[in-house]
Amino acid sequence: MKTYQIAGIGNAIVDVISTVEDRFLERMEIHKAIMQLIDRDRAETLFAAMEDRAQASGGSVANTLAGAGALGLRAAFVGRVNDDELGRFYAQDSDRVGAKFVNAPVAGGELPTSRSMIFVTPDGERSMNTYLGMSAELGPDDVDERVMSDSEIVFLEGYLFDKDKGKEAFLKAARACRSTGGTAGIALSDPFCVDRHRADFRKLVAEDMDYVIGNEQEWVSLYEANDLEDALAQATQDCNLIVCTRSGDPVWIIRDGVRVEIPVQTVTPVDATGAGDQFAAGFLFGLAMKCDMDTAGRMGCMAAAEVIGHIGARPKSDLRAAFREAGLLSD
């Protein structure tokens, strides 16, 4: 038995969440419902303007790993933080939520620990303003091959594909995991990131990935397709497990050419933060438990529905118990 059932690599970002009215966004010139990268000065300005705030370790794959840990998987997270106040908080908080932070904070790091100011309006929309800082500098030296080879599943965050050293880190991790019979996969993360690195993404998916998770826009962008069906037809030629989320429409999962369609639960969103991250947590939990694709997909949809029902990007209820009640899991 391997030490970790799942290990993830991603941006290590401290999430700072505040509820605001739309007029606050207008006054602070914040673009609604998107993720915007900001510089250090802008980050400090927005942080100071937050009247009520909750703080947690965050980042897309980190949120997924926290969800997987809450479900009972042995989880490890690889990220890069400075040895500053936020960095030490991040490492401790990651351990607390069940995703072992395997890299120590970097003493004298070149940049401050990353942080994202997330403003949630009454309609549940999230407006994210992210200072990437230290986490974007993650490279192959931050990846311990022993951790990756001792993990059953590795999950990678597409955002880190923006730098060459991030690409090198991904290859190192995927190959170490697969060398010992593990399964490696990636979340495409963002259609604009896919646009910037299409050729490298295509090569990674075809040569080093066992599964890929993306939404409709990301898949169409990756294959420069006319429509989603065309994109997925091409994707299945490159990878034998494809997952496509579709913004409220049923999720499509294609494994070895066989498609299953997973209905989504209609929920009035309180905060859309983390829906995709927790879908991945539920789905990968199902994968780790050797469930069939319909069951794994339903677990993902239930996890996504749970997280958008409250403020914050991580589950607050016992999803494992919910899976049992729904007949998806028997311990």
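Reader: Is Glu110 buried, exposed or partly exposed?

Author: Buried means under 20% relative accessible area, exposed means over 50%, and partly exposed lies in between (1.4 Å probe, protein chains only). Glu110, at 44% relative accessibility, therefore counts as partly exposed. Please keep in mind that this is a predicted model, where local features need pLDDT of at least 70, side-chain atom pairs count only at pLDDT 80 or more, and totals for chains, interfaces and linings use all residues. Residues are numbered from 1 along each chain as its sequence is written, and side-chain values use heavy atoms, with hydrogens and water left out.

Reader: Which residue does Glu110 meet in a salt bridge?

Author: Side chains of opposite charge can pair when their charged atoms come close. A salt bridge here is a side-chain nitrogen of Lys or Arg within 4 Å of a carboxyl oxygen of Asp or Glu. Glu110 meets Arg80 this way, at 3.3 Å from N to O. Arg80 is buried, because its relative accessible area is 15%.

Reader: How many salt bridges are there by this rule?

Author: The count comes to 22. Among them is Asp200 with Lys167, with the closest N and O atoms 2.6 Å apart. Asp200 sits in helix 8 (residues 198–208) and Lys167 in helix 6 (residues 164–179), so the pair ties together parts 33 residues apart in sequence. Helices here are DSSP runs (H or I, at least four residues), numbered from the N terminus.

Reader: And why does Lys167 count as buried?

Author: Lys167 is buried because its relative accessible area is 13%.

Methods:
Helices (H or I, at least four residues) and strands (E, at least two) are DSSP runs, numbered from the N terminus.
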